[in-house]
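User: I would like to learn how to read features in a structure like this one. Could you take me through a few?

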Amino acid sequence: MYLGELMVCHLKKMHDHFWWQFPLGVVVGILAVVLAAFLFLLIACLFVDQKKKQQHDNLFYRGMMYFYIRIVMVVLRVRVHTKGLEQTPKNGRFLLVCNHLSDADPVILNYFFRKSQLAFITKRENTSMFIVGPLMHKTMCQPINRENDREALKTILECIRLIKEDEVSVAVFPEGRIEGDGLLHHFRSGVFKIAQKTKVPIVVCTLKNPAEIFVNLPKLKPTDVWLNLIKVIQPEDYAEMNTVQIADTVYHLMAQDLGSELVAQE
């Protein structure tokens, strides 16, 4: 009888310890997996030589980028509501244009257009960012010098080459920068030379609310973001237009979709 009581007491103690040890073990396990995944990403990026020109889209780094983007979106509790993505061209390359509200914009677009192999035109400063810079380099993103028209033209010409050689589709934010007021601003029309010279479809998108991701993060609140593919403009629809006219057409499509309250009065 005494032995039985000892066993019952021992089992009770084990149960009392187990109830808090189990969730603690789960948390420790998750942290260990996240740390291992981060170290793997760090080591992979350390082997990237950004001084060497990237000739082809690297599918290993692109796949790894998509994997980590998904993790980041879950951790940050980003809920993206999409509309019109079924219009995305299934065959051939295209030029994707979108309004620019936050640093999260290319992350969201990359994930939801992951089958299209997007390469972004990005400001030069982004190439020196920790981990982000090497990933952009390996996935054919093209830095642009916004202060030097001659250098900017070289970037445009390189994007034209990438599309013509079927390497990637190109994504660009024609506003050129994040203004920080959450509004749509007028475009720099030069980027539309990419479509004009390659005769590919222009995929017109809008984003709403991505800047709130960084506002809600310290509060541990989820963020709803809206991604809308408004229209795919076919080459024959802009064949007779110059770059300024194409820019105006795309701008008005975005402005109409966003609504007057999200368009800057310029």
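Analyst: We start with one residue. Arg79 has a relative accessible area of 42%, so Arg79 is partly exposed. The general idea is that buried means under 20% relative accessible area, exposed means over 50%, and partly exposed lies in between, using a 1.4 Å probe and protein chains only. This is a predicted model, in which local features need pLDDT of at least 70 and side-chain atom pairs count only at pLDDT 80 or more, while totals for chains, interfaces and linings use all residues. Residues are numbered from 1 along each chain as its sequence is written, and side-chain values use heavy atoms, with hydrogens and water left out.

User: With which residue does Arg79 form a salt bridge?

Analyst: First the term: a salt bridge is a side-chain nitrogen of Lys or Arg within 4 Å of a carboxyl oxygen of Asp or Glu. Here Arg79 pairs with Asp224, and their closest N and O atoms are 2.9 Å apart. Arg79 lies in strand 1 (residues 78-83) and Asp224 in strand 7 (residues 223-233), so the pair ties together parts that are 145 residues apart in sequence. Helices (H or I, at least four residues) and strands (E, at least two) are DSSP runs, numbered from the N terminus. The protein chain has 9 helices and 7 strands.

User: How many salt bridges are found in the whole structure?

Analyst: The search finds 7 salt bridges. One of the pairs is Glu151 with Lys154, whose closest N and O atoms are 3.4 Å apart. These two sit 3 residues apart in helix 5 (residues 149-164), so about one helical turn separates Glu151 and Lys154. Glu151 is partly exposed because its relative accessibility is 33%. Salt bridges can also be linked: Lys53, Glu158, Arg161 and Glu165 form a network of them.

User: Are Arg62 and Asp57 buried or exposed?

Analyst: Both are buried. Arg62 and Asp57 form a salt bridge, with closest N and O atoms 2.7 Å apart. Thr139 is in contact with both of them, and also with Tyr61, Met65, Leu118 and Ala119, leaving aside neighbours within four places in sequence. Contact means heavy atoms within 4.5 Å. Thr139 itself is in the loop between helix 4 (132-138) and strand 4 (142-144). Its relative accessible area is 1%, so Thr139 is buried.

User: What does a loop residue look like when it is not buried?

Analyst: Take Ala211, in the loop between strand 6 (202-208) and helix 7 (212-216). Ala211 has a relative accessible area of 35%, which means that it is partly exposed. Not counting residues up to four places away in sequence, Ala211 touches Leu101 and Ser102.

User: Which residues have the most contacts inside the largest nonpolar core?

Analyst: A nonpolar core is a set of buried Ala, Val, Leu, Ile, Met, Phe, Trp, Tyr and Cys residues joined through side-chain atoms within 4.5 Å. The largest one has 40 residues, and Leu96, Leu109 and Phe113 have the most contacts inside it. Helix 2 gives the most to this core, with 7 residues. Leaving aside neighbours within four places in sequence, Leu96 is in contact with residues including Leu109, Phe113, Leu118 and Val203. A second, separate core has 31 residues, among them Ile163, Val170, Val191 and Ala195. Over the 266 residues of the protein chain, 44% count as buried.

User: How many disulfides are found in the whole structure?

Analyst: A disulfide is a covalent bond between the sulfur atoms of two cysteines. The cut-off used is a pair of cysteine sulfur atoms within 2.5 Å. The search finds 0 disulfides. For Cys159, the nearest cysteine sulfur is that of Cys141, 9.4 Å away. Cys159 counts as buried because its relative accessibility is 1%. Cys45, at 7%, is buried as well.

User: Which residues make the nonpolar surface patch?

Analyst: Patches are made of residues with over 30% relative accessible area and no salt bridge; like charges are joined within 9 Å, and nonpolar side chains (Val, Leu, Ile, Met, Phe, Trp, Tyr) within 5 Å. Accessible areas come from the Shrake-Rupley method with a 1.4 Å probe, and for residues only the protein chains shown count as cover. This patch, of about 790 Å², is made by Leu35, Phe38, Leu39, Ile43, Leu46, Phe47 and Phe130. Phe47 is in the loop between helix 1 (2-46) and helix 2 (59-75). Its relative accessibility is 69%, so Phe47 counts as exposed.
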